[in-house]
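This report describes selected features of a single protein model.

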Amino acid sequence: MKKRNNFYPAFVVIVFFFFTLLHQTDKLLIGSLQLPVSTTFGLNDLQWGLINTGALIVGTLFYPLWGYLYDRYARAKLLALASLIWGATTWLSSIVKTYPQFLATRASTGVDDSSYPGIYSLLGDYFPPKVRGKIYGLLQLAQPIGYLVGMILALMVAPMLDGKLFHLEGWRSIFLVTGTLGIVMAVVIFFGIKEVPRGRSETEFDGMEEIGQYRFNWPALKDAFKKKTMWFVFLQGFVGVFPWNVIIYFFFGYLMTERGYDSNAVLFTMGPLVLILAAGYFIGGALGDWAFKRTYKGRILVSSAGVILGAIFLFFALKIPIADRTAFFILMSLAGLFMPFSAPNVTSTVFDITLPEVRSSAQGLENFLENSGAALAPTLAGAIALAAGSKQVAIMVVCVSAWVLCFFIYLGALFTIDKDVKSLHAQMKERADLKKLESEA
């Protein structure tokens, strides 16, 4: 029994890793399916853009709502519901017959795209602060791998399935498969994942059988906003997504039009880069945990190092002559390794300074701001590319300037993080002492 109990948190991580992997695959493969989907519905570039914008807007609006629901009700059951919504909306996308219907069903997939705060909050109550960075880094590692899997499904598997599954087109068959996986994951989460009391893993509650039940309340959320570090987190969240979205939407085109890569060269370049990027999430989270054990500034220091090193290596990579593909790949690999360092550490920092009952809400608001920045990034980069006549200039200007700005934002957080972490520990100790008194009485 003891071994099974010790393994159970690992089982929870495995389930949510596969949820994230499969969900990101489903979410991101739409980009690689542009040609067959556009051919089916006769879409122009504007109509195609609306499909992606619709899901982004819906997801952005639902982040605060999911955050509140996770802090108010059972997170495991809500995550099962989110997975069911993922499966159902993707299924609908596979069978609709007209563009307006497809536009509506793809926009509806944004509902579950914003369901992640519940995963991080629940895992935060299974694992103590000293290892959360590694856990979140491992989970976020699944995101770029999901993107790679989605690209493979769209470019290689979909053509093979064309007309072979219920006589559907290949892209419809892929959506039918990924939608089914969403429903399967809903069943696994509903029956396999147990709820755990909010705050269970905090060090102040070590050795205590009963810690009390904590649910969303407005005073606790207001307390989170009083933490100055939270405002630095919000600010970097808005700015920090600009580079990611510029790279997602412009880097493929840059490789093909300005560096002369063909489709095979792009695949053999981006495949390894995505895997290196994935490793960066876990390495960054592990380094954040190691540094946090030594100083409360640790996660912020690792995050600031990641963004500045990512900016430096990207800058020099873009300066490499077109003919020197080896040097370009090496420098881009180094940039890709450091770029994701801050992601698991930012999530861990939010949980290091906020009360357990409002962590999903705080992260939901942070994600809301991130997605607001995401909506602006492609337009800004496109305007710069048009004015400069170069995608390289747009990528360099937006990415380097945003990461440098994030570096200075992190420097500001270094002056506030100690006080805010200590404040949370004091609040948790007060709760633990009160619970002990109640138990003794």
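In this predicted model, Leu 176 is located in helix 9, which covers residues 170–192. Leu 176 has a relative accessible area of 16% and is therefore buried, the cut-off being under 20%. Not counting residues up to four places away in sequence, Leu 176 touches Trp 91, Ser 94, Leu 165, Phe 166 and Leu 168. Between Leu 176 and Ala 88 the C-alpha to C-alpha distance is 9.6 Å, although 88 residues separate the two in sequence.

The largest nonpolar core comprises 91 residues, and Phe 16, Leu 123, Ile 193, Phe 251, Phe 328 and Ile 395 have the most contacts inside it. Apart from that core lies another, of 16 residues, which includes Phe 41, Val 96, Ala 158 and Trp 171. Beyond its neighbours within four places in sequence, Phe 16 is in contact with Leu 79, Ile 119, Leu 122, Leu 123, Leu 139, Ile 189 and Ile 193.

| Helix | Residues |
|---|---|
| Helix 12 | 263–292 |
| Helix 13 | 298–319 |
| Helix 18 | 417–440 |

The axes of helix 12 and helix 13 come within 7 Å and cross at roughly 140°, so helix 12 is oblique to helix 13. The crossing is right-handed. At this contact, Gly 284, Leu 287, Gly 288, Asp 289, Ala 291 and Phe 292 of helix 12 meet Gly 298, Arg 299 and Val 302 of helix 13.

Helix 18 has 24 residues and reaches 35 Å from its first C-alpha to its last, close to the expected 34 Å. Its buried residues are Ile 417, Asp 420, Val 421, Leu 424, Met 428, Arg 431 and Ala 432.

Key. Residues are numbered from 1 along each chain as its sequence is written. This is a predicted model: local features need pLDDT of at least 70, side-chain atom pairs count only at pLDDT 80 or more; totals for chains, interfaces and linings use all residues. Side-chain values use heavy atoms; hydrogens and water are left out. Helices (H or I, at least four residues) and strands (E, at least two) are DSSP runs, numbered from the N terminus. The expected span of a helix is 1.5 Å times one less than its number of residues. Buried means under 20% relative accessible area, exposed over 50%, partly exposed in between (1.4 Å probe, protein chains only). A nonpolar core is a set of buried Ala, Val, Leu, Ile, Met, Phe, Trp, Tyr and Cys residues joined through side-chain atoms within 4.5 Å. Contact means heavy atoms within 4.5 Å. Axes are lines fitted to C-alpha atoms, for helices over the stretch in contact, and angles run from 0 to 180 degrees between N-to-C directions. Angles under 35 degrees count as roughly parallel, over 145 as roughly antiparallel, 65 to 115 as roughly perpendicular and the rest as oblique. A crossing is left-handed if the near helix is turned anticlockwise from the far one by less than a right angle, and right-handed if clockwise.
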